[in-house]
Amino acid sequence: MKRRISTRAGLTLGTALGMAVLAGGAAAQDCTTKVGAVLPTSVDWGRPIAETAQFVVDQVNEAGGVAGCRIEMVLRDTQVDPKVGVDAAKALVDLDGVQVLLGAVSSGVSMPILTSVTVPGKVMQMSCCSSSTAFTTLAEEGKAGGLWFRTFATTGVQAAVGAKVAADQGYKSVAILYKNDDWGQDLGKLIASDFEALGIEVTASVAINDGQPSFRAEVTEAMAGNPDALYLGLYPNEGTAAVREWLSLGGTQNMILANSLKSDEFRDNVGLQYLGNALGTDTASPRVASADAFVERYKARFDSEPNGPGLANSYDATMIALLAMEAAGKDATGEEIAAQVSRVTDPEGTPVTADAEGFAAARQVLADGGSVMYQGATGNVRFDANGDVSAPAVVWSFTESGTEEVQYLSLDEVDGFIASLK
Amino acid sequence: MIQHLLDGILIGAILSLGAIGLTMVMHMLRFANFSHAELLSIGAYAALVFDKLFKVLMPVLADQIGPLSMTWALVLAIVLSMALTGASAVLFDRLVFRRVREKGEELSMVFASFGLALIVRNVIGLVFGLHTQLYSQDIVFAVVLSRDPLLLVKPDQLAALAATLAIMAALHLVLSRTTFGYALRAVAENPVLAQVNGIDLRRMIVIVWLLGGGLASLAGVFYGLSNQISPVIGRDLVLPIFAATIVGGIGSIYGAVLGGFIVGIAANLALFVLPSGYSPSVPFLIIIAVLLLRPNGLFGEART
């Protein structure tokens, strides 16, 4: 009985506090605009992505909201499941009437949302973390309606840098092992064409299914052409098994690894002594002041380093979406908002910082009819015609304690190299 | 080609060990036990724990045996693990299958086995974590058997194959030459009639579980040696093992052995025909082909 009373007391207190907060917010602006977010909050790395998005919304509200209205982010869980994600997005668009949808994380979830919810509903979709080049293809075919944006570099960057490593190391022939899922097939195809563009022979390109009794047959097939090096687009689990098999059969220790293998588990189970010639690739944060400023802001708010995947990207996705809403004005449709994205990420525009002051400054510039250059957590974000961004990259290698950076490629170097492949 | 054949035989040995237990249980207790493959996981992890324990308690045992990555500690651990896995199979029967058998029907048993498989897999994941583990971090390099055609074999796998063949031979002798073997076959043939003839059905069931569990444990350890240990070993191997059982014909131990080798070899040779992305479909294709051509399997008999 006693416990029940205290629960009720707690509830009442909570409700009262909630009301107070709501009342405080509502006092500043007398209207509310909803934005939708579909993110995998039920997985441990998904929650910080959602919290980062909410952090941006809080700062924008602090700066007076968007077009005079307070922003409310309605968050729904995708459970990393396409069906759940589509349902969540549908509910947000149909029931909450959002014009801007943030998310999802996985390409496999973002894609059905884009094709079956946001494009038919003419809602702008901004993803923090989807990297598949399938979106680029879709946009090139004009099927994304100009409504799709993402602040995460495509798999194309990862593949191009992998090919650059092979060329720099002087490998003449490479065998590819790729994970047999959307990401791996995408990566496998991209890197094979990049290798060819550089005149490096691809001796074999073999799909690896996880959960196989043995990878022996696949590894034997990859070994057939006796390549100079091995490219691995795998996850640590099957990556460990495949590489151990590869090494035990006398395969070369010259390896190029995708960022998914940047894991202690992989290093320990394969053994550092065999990974001396293994070079990994990854996209990186730009070495600019606005990225450092994000890290400081994040630490002040969450009391931890922004180490999880996609946090800086989630921050920028949310901020750019809200800036575009501000530029489009009150009650704008998704298409009108999407059309304003280039105006808030204009390289010629007035630079604005990625915080409350920056947002207020941007509001001023936009009201005067100008354009702004958003300087965010991932640098000066610039979308191409397909809604894609590029990113700086690093080449890394394994050490006793983790990984170390071997080489840093700035955004210009990466873009220049990718252009040279075409 | 010959290399693929050889690889298939090495993998097939593991599948055969798993399939022997499954086919015996399926024949005697008349239900498809989807939790059988989880016994491989239990065996692999039990051996991992005992192996670590022995290495700490008796450092003498931590030396590797000849060219193998196996140590004497692991050999001892395998023996204990076989006993433990057999015991846990008996325990599962006591806790779950016996109760369902007495009250439910065949289909309830199948569902119960599904549930049990989920529980076992997740408990292992909870206790040991979802990451992969290894008996030995060292990579044992393959030995060149012949230069032309190039034949590479890992010593561990040859040892596993030899052990498997030895155990199969022993099993064959027991089944064909002892009273116990006759009793076992009698029970499988007709449980009621066997009981009339003075065979203790309960005791036979316990023995079948012990045997099945022990062999599954061995398969799990051999799999862990040549691959890696993770809580999803059972999930990954359940299909190939079922395929081996069905190919051989339910109830036939020799069929299970042959089925294991057929599935292992077919999965390896499939890469000549199929793109590598489709290799997981091979066990399914084999099951379909066998059910179409010989619905009772190669060695199975029609049963009403």
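Two chains and their contact

Chain B of this predicted model has 11 helices and two strands. Read from the N terminus, its elements follow the order α-α-α-α-β-β-α-α-α-α-α-α-α. The radius of gyration of chain B is 19 Å, and the globule rule gives 19 Å for 304 residues, so chain B is as compact as a globular protein of that length. Along the principal axes, the C-alpha trace of chain B spans about 55 × 50 × 40 Å. Buried residues make up 48% of the 304 in chain B. Of the contacts in chain B with a separation of 6 or more, 74% are between residues 24 or more positions apart.

One helix pair of chain B can be followed in detail. Helix α5 of chain B covers residues 155-177 and helix α6 of chain B covers residues 179-189; the two pack with their axes 5 Å apart, at an angle of about 80°. An angle from 65 to 115 degrees counts as roughly perpendicular, and α5(B) and α6(B) are therefore roughly perpendicular to each other. On the α5(B) side the contact is made by B:Val174, B:Leu175, B:Ser176 and B:Arg177, and on the α6(B) side by B:Phe180, B:Gly181 and B:Leu184. Sorted by class, the residues of this contact between α5(B) and α6(B) are four nonpolar, two polar and one charged.

Chain A comes next. Its secondary structure comes to 16 helices and 15 strands. The radius of gyration of chain A is 23 Å, close to the 22 Å from the globule rule for 422 residues, so chain A is as compact as a globular protein of that length. The C-alpha atoms of chain A fill a box of roughly 70 × 65 × 40 Å along the principal axes. Of its 422 residues, 52% count as buried. Residues 24 or more positions apart supply 71% of the contacts in chain A with a separation of 6 or more.

For residues 42-345 of chain A, an unreviewed UniProt entry lists "domain: Leucine-binding protein". Over this stretch of chain A, 50% is helix and 16% is strand, and the end C-alpha atoms lie 32 Å apart.

The two chains also touch each other. The contact takes 25 residues from chain A and 29 residues from chain B. On the chain A side, β7 (201-208), α8 (216-223), α9 (236-248) and α10 (264-270) each supply at least two residues. Helix α9(A) gives the most to this side, with six residues. By class, the chain A residues that touch chain B divide into eight nonpolar, 12 polar and five charged.

Technical notes:
Residues numbered from 1 in each chain as written. Chains lettered and ligands numbered in written order. Predicted model: local features only at pLDDT ≥ 70, side-chain atom pairs only at ≥ 80, totals over all residues. UniProt positions renumbered as here; feature names shortened; annotations may be inferred. Helix = DSSP H or I, 4+ residues; strand = E, 2+ residues; numbered from the N terminus. Rg over C-alpha atoms; globule rule 2.2 N^0.38 Å. Buried ≥ 20, exposed ≤ 12 C-beta atoms within 10 Å, placed from the backbone. Contact = placed C-beta atoms within 7 Å. Nonpolar A, V, L, I, M, F, W, Y, C, P; charged D, E, K, R; others polar. Axes fitted to C-alpha atoms, helices over the stretch in contact; angles between N-to-C directions. Parallel < 35°, antiparallel > 145°, perpendicular 65-115°, else oblique.
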